Amino acid sequence: LRLADGSRVWLNTGTALQVRYQNSMRSLALLAGEILIETAPDAQGRPFFVQTRFGRLQALGTRFTVRLTDQQTRLDVFDGAVESLTQYGGQRRIEAGGAARFDDRALTPLDGADDMRAAWSKGILLADNMPLGDLLAELSRYRRGHINVAPAVASLKVMGVYPTDDTDQALAMLAQT
């Protein structure tokens with residue numbers, strides 16, 4: 001989506017989003033799913049916010065992803081910085097290359113921004129030492145039907161680049177690997 005101010009938003013599978021631009025602020029409400037945002041400078045100088053049920057994020061000239069699950073919000077910052085304010089009152093500035101997750105009780109900094117969090121916007125799923133079960137759970141977001149994995153092999157580590165727009169090909173590549 002190209003927003004009225006020139007900002008761009010990519011929506012991943014299963015995403016629900018409300019756009020609320022007002023005279024005093026630009027705001028997105030992420031109700032479900034995952035988004036990649038590239039903010040544009042605003043001629044009116046309005047701040048840019050992303051709201052989830054676990055807290056609010058303020059973009060500070062940036063490119064970042066936000067993923068909302070039932071348990072938490074995950075933030076990965078690729079350019080600029082994002083100021084987070086959680087429901088419980090925790091506040092932290094996450095700089096480019098940083099990441100964090102937060103729920104209604106705590107904000108936890110992570111080792112760094114995960115390139116996989118933005119790769120889906122280019123139609124690929126990156127796996128770097130990812131458990132097979134996790135990879136298939138991610139891949140299933142792009143496929144109708146059910147993908148299952150035997151518990152005995154679900155923890156096997158996988159590496160590779162898999163297309164999200166052709167899950168049959170991705171599964172064939174995975175079987176070869």
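Reply: Gladly. Keep in mind that this is a predicted model.

Me: In which hand does α2 pass α3?
Reply: Look at helix α2, residues 132-139, and helix α3, residues 167-176. Their axes lie 11 Å apart. The crossing of α2 past α3 is left-handed.

Me: Is α2 roughly parallel or antiparallel to α3?
Reply: The two helices pack at an angle of about 170 degrees. Angles over 145 degrees count as roughly antiparallel. Therefore α2 is, relative to α3, roughly antiparallel.

Me: How many charged residues are in the contact of α2 with α3?
Reply: From α2 come L132, L135, L136 and L139. They meet T167, A170, L171 and L174 of α3. By class, seven residues are nonpolar and one is polar. The number of charged residues is therefore none, since Asp, Glu, Lys and Arg are the ones that count as charged.

Me: How many cavities of 30 Å³ or more are there, and what space lies in the largest?
Reply: The count comes to one cavity of 30 Å³ or more. The space in the largest cavity is about 30 Å³.

Me: Which elements each supply at least two residues of the lining of the largest cavity?
Reply: The lining consists of M116, R117, W120, I124, L125, E138 and Y142. Five of these are nonpolar, two are charged and none is polar. Set the list against the element ranges, 116-119 and 124-131. The elements that each give at least two are α1 and β10.

Me: Which element gives the most to the lining of the largest pocket?
Reply: This pocket has a volume of about 210 Å³. Its lining is made of D114, M116, L126, D128, N129, M130, P131, D134 and E138. With five residues, the one that gives the most is β10.

Me: How many charged residues line the second largest pocket?
Reply: The second largest pocket has a volume of about 170 Å³. R67, T69, Q72, R74, R101, L110, D114, M116, R117 and E138 line this pocket. Two are nonpolar and two are polar. The charged residues number six.

Terms used
Residues are numbered from 1 along each chain as its sequence is written. This is a predicted model: local features need pLDDT of at least 70, side-chain atom pairs count only at pLDDT 80 or more; totals for chains, interfaces and linings use all residues. Side-chain values use heavy atoms; hydrogens and water are left out. Axes are lines fitted to C-alpha atoms, for helices over the stretch in contact, and angles run from 0 to 180 degrees between N-to-C directions. Helices (H or I, at least four residues) and strands (E, at least two) are DSSP runs, numbered from the N terminus. Angles under 35 degrees count as roughly parallel, over 145 as roughly antiparallel, 65 to 115 as roughly perpendicular and the rest as oblique. A crossing is left-handed if the near helix is turned anticlockwise from the far one by less than a right angle, and right-handed if clockwise. Contact means heavy atoms within 4.5 Å. On a 1 Å grid over the protein atoms alone, a cavity is a set of points where a 1.4 Å probe fits but cannot get out, and a pocket is an open set with protein on both sides within 12 Å along at least five of seven lines; lining residues have an atom within 4 Å of a point. Grid points are joined across faces, edges and corners, and a volume is the space filled by probe spheres set on the points.
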